[in-house]
Each structure stands twice: as C-alpha cells, then as structure tokens.
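I begin with a single residue and then widen the view step by step.

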Amino acid sequence: MNKKNLLGMTLPELKQVAVSLGMPSFAGGQMAKWIYTQHVSSIDEMTNISKANREKLNEHYQIGCAKPIDAQHSKDGTIKYLFPVVTTAGADSAPVATKFVETVYIPEDDRATLCVSCEVGCKMNCLFCQTGKQGFEGYLTATDILNQIYSLPERDKLTNIVFMGQGEPMDNLDNVLRATEILTASYGYAWSPKRITVSSVGLKDKLKRFLEESQCHVAISLHSPLHEQRQELMPAERGMAIEDIVELLRNYDFSHQRRLSFEYIVFGGLNDSKAHAQAIVRLLHGLECRVNLIRFHQIPHVPLHGASEEKMESFRDYLTQHGIYTTIRASRGQDIFAACGLLSTAKKKAESK
Ligand SMILES: C[S@@+](CC[C@H](N)C(=O)[O-])C[C@H]1O[C@@H](n2cnc3c(N)ncnc32)[C@H](O)[C@@H]1O
Ligand code: SF4
C-alpha cells in the first residue's frame, strides 16, 4: 500500500489525519511542529505522540522527505542539487513515476536564495530555455516542492526562495499555492511572503488566482514588450498577451509590501534597441515595479546570443532615467549549468540507473 505523505499537509489536514486514527485533534498541531519546525525524517521521532499512536500513523503515513541524490558545486559557491520527485499526471492525480528535478542554492554576502522547481521539464516551450527543450514530464506535488527546502543541507541558512527553477508555477498552481501557504503559515515555516518570489510567463486565469490567493512577490518574464516578438520567443503570449498581463497587474497593490518585477533577457540585436526600451516604458507606465535585466545563458541549437555588457548597461540606464528602476542580475552557477534557464533533467533518469 502506498503511504500518504504528511509533508505538504496543512494544519487542518493534519488534524483530520489525527482524528481519523482515533487520536485527539491537537495531535495534528504536534505533527505540524515536528514536521515544519523540527524537520524530523521519521514518524518515530515525534516523541510527544504515544508509541501506539505513532504505530497507527506509520501504518498509513510517512513524512515524505527525500535527500538530494547529487550535488554539483560551482566555483562561485552556487550548489546545484538533484532531488528525486514523484510526479503526477494532474494536480490531483495519483503518482506516476519517480523522476528528478534540480534545485539551486545561491549564497551571497548577506543572503542565501534557493531556486526551486515546480515541474519536471516545462510545457511552455520558450525558445531560449533549456527546461523548455526538455518538454513536460510531470507536475511536482506540494510534498516534492517543499522537500527541496526540507531536505536541503543549507536549509537553516536560507533567507529567500524563488520559484525560478524548472517549470511554470501557474501551470501547477494548486501545488505551488499549497507549498507557499505552508511556507508562510504560522503552523508551518512562518516565513514572510516577502521572502518568496514566484516567477511566471503569465497564464490566463491562473495568474489572477495567484495574485488573489497569495501575497508572495511576483516576477513576470517579459523578454519583449512587442506582442509579435514575444509570441515568437514565448508561445504562452498567444494564451495571455503581455498587455493583458500588465492590465491585470494594475488591479493589485505593489506599492507596499508586495513587489512586482519584470525579467528581461537582453538578446543582442533582437530586443536591445532604443525602440524596445521606449516600448517597455510605455507598457509599464504608472505601474509600481522594477525590471531585472538577465544575461542570456547560451543553450545549444538556438540562434540567439546575449547583448554586450555595454548594451545592457545603456538599456538599464535608459529605463532607470525614464522612471523604471532597473538592475542587471548577476549570473550564478553557469559553470555547472545552474544559471537561469539552464536546468534540465532530461538525461538524469537514465544516468541514475
Ligand atoms: C526557468 S524560468 C522558471 C519560471 C517561469 N517558468 C518563468 O519562465 O518565469 C526562470 C527565469 O529564467 C529565464 N530564462 C530561461 N531561459 C534562460 C536562458 N537561457 N538564459 C537566461 N535566462 C533564462 C526565464 O525567462 C525566467 O525569467
Ligand atoms: S522560461 Fe519558464 S515557462 Fe519558459 S520554458 Fe523555461 S521554465 Fe518554462
């Protein structure tokens, strides 16, 4: 019999588990503490729950955590981990297979960021992204999203989490929302939503739901302010155009705690002209946001190249001078293929056998 995972359950669900096994409902609160505060790896470690009750729990449930099976170290301190995950065919479907995802730990002077994955591969097929080239291989459960944090050797050093690994968060929204709820709930990790950023290409209806149901920071992958060109780079533009994404975002408040940013890979000779910068200024006019310029990380068989450093700086300066605070994001972990858009576990299954 497949045991159910406790990691990824909300407090009401843990209480429900307790009651269903004839335990008092407060045992659900005890379980939440053991899991989300103590990070136990087995039910037997929950020592304030009686042995008889732990035995009952063990019959049907497990924690659901799993250590990374590989780690690659970059010369800049970035570490890329390979986690086993049990994918599902749909948000509520039964497990289908064990696959792998990559998770990137990025230490800096005063912070440590974890870039987590929410899918194996991705359906969105952006022209410039290695994960997109992998194709879609399955949704991660909330257990497996949270396990990337739970079982991370540097877990206690983390200051920030970004959903910028493999997959499109809006395409696996139920599980992403469940994970962010547990990360921010007082019974869970009790993190401020200000420490979590969810990055998306923008999917119709899903983005709206995310904006309404979460308080986490939002990053939108922009890459071109022009409909035709964005569509060529990112097929998702056909489902939700950038103008509609921006219109939707205008309904929410980003002037206080919650931050909105736009990510923009600067491709040489493609989207780095003054006309592009002007179009971005027009598109984002009056919206409280910032722009992050990203260096293109070259992937095989794609006829795109990154803009020069000089071009990136003048693009940044133009936007900043026209009222849009713009920064150039440092590339991290490029030597171990851990930088933005380089994650792929297409071959990992075969290699690990
Ligand atoms: C891999 S995506 C994951 C999150 C989400 N699916 C998205 O696209 O926003 C994270 C960021 O990496 C960027 N990215 C993808 N491929 C890249 C590449 N080859 N070089 C630099 N950035 C890339 C994406 O555009 C996005 O802004
Ligand atoms: S950039 Fe994001 S949405 Fe596009 S293919 Fe890569 S992971 Fe998917």
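**Entry 1: Val104 and its surroundings**

I set aside the neighbours within four places in sequence and looked up what Val104 touches, and I found contacts with Thr78, Lys80, Cys115, Gly165, Gly333 and Ala338. I note here that the model is a predicted one, and that every value below is computed from it. Val104 belongs to strand 5, which runs over residues 95-107. Is Val104 buried or exposed? I counted 28 other C-beta atoms within 10 Å of Val104, and because 20 or more are enough for the label, I wrote the residue down as buried. I also checked the pair Val104 and Val162, which are 58 residues apart in sequence, and found their C-alpha atoms 9.8 Å apart in space.

**Entry 2: the nonpolar core**

Next I looked for the largest nonpolar core, which holds 98 residues, and noted that Met31, Ile35, Ile145, Leu146, Tyr264 and Val266 have the most contacts inside it. Helix 2, residues 26-37, gives the most to this core, namely 6 residues. I then followed Ile145, which, apart from neighbours within four places in sequence, is in contact with Val116, Cys118, Leu140, Asn175, Val176 and Ala179.

**Entry 3: the two ligands**

Around ligand 1 I found 17 residues, of which Cys129, Ser199, His297, Cys340 and Gly341 come nearest. Strand 10 (196-200) and strand 12 (260-266) each supply at least two residues of this shell, and by class the shell around ligand 1 divides into 9 nonpolar, 6 polar and 2 charged residues. Around ligand 2 I listed a set of residues that includes Cys122, Met124, Asn125, Cys126, Glu168 and Ser221, and the shell there has 5 nonpolar, 6 polar and 1 charged residues. Cys129 and Gly341, named above for ligand 1, are also among the residues around ligand 2.

**Entry 4: the whole chain**

Last, I looked at the protein chain as a whole, which has 12 helices and 14 strands, and in which 44% of the 353 residues count as buried. Its C-alpha trace spans about 70 × 45 × 40 Å along the principal axes. A compact globule with 353 residues would have a radius of gyration near 20 Å, and the chain has 21 Å, so I noted that the two agree. Among contacts with a separation of 6 or more, 68% join residues 24 or more positions apart.

Notes:
Residues numbered from 1 in each chain as written. Chains lettered and ligands numbered in written order. Predicted model: local features only at pLDDT ≥ 70, side-chain atom pairs only at ≥ 80, totals over all residues. Near = placed C-beta within 6 Å. Helix = DSSP H or I, 4+ residues; strand = E, 2+ residues; numbered from the N terminus. Nonpolar A, V, L, I, M, F, W, Y, C, P; charged D, E, K, R; others polar. Core = buried A, V, L, I, M, F, W, Y, C linked by C-beta atoms within 7 Å. Buried ≥ 20, exposed ≤ 12 C-beta atoms within 10 Å, placed from the backbone. Contact = placed C-beta atoms within 7 Å. Rg over C-alpha atoms; globule rule 2.2 N^0.38 Å.
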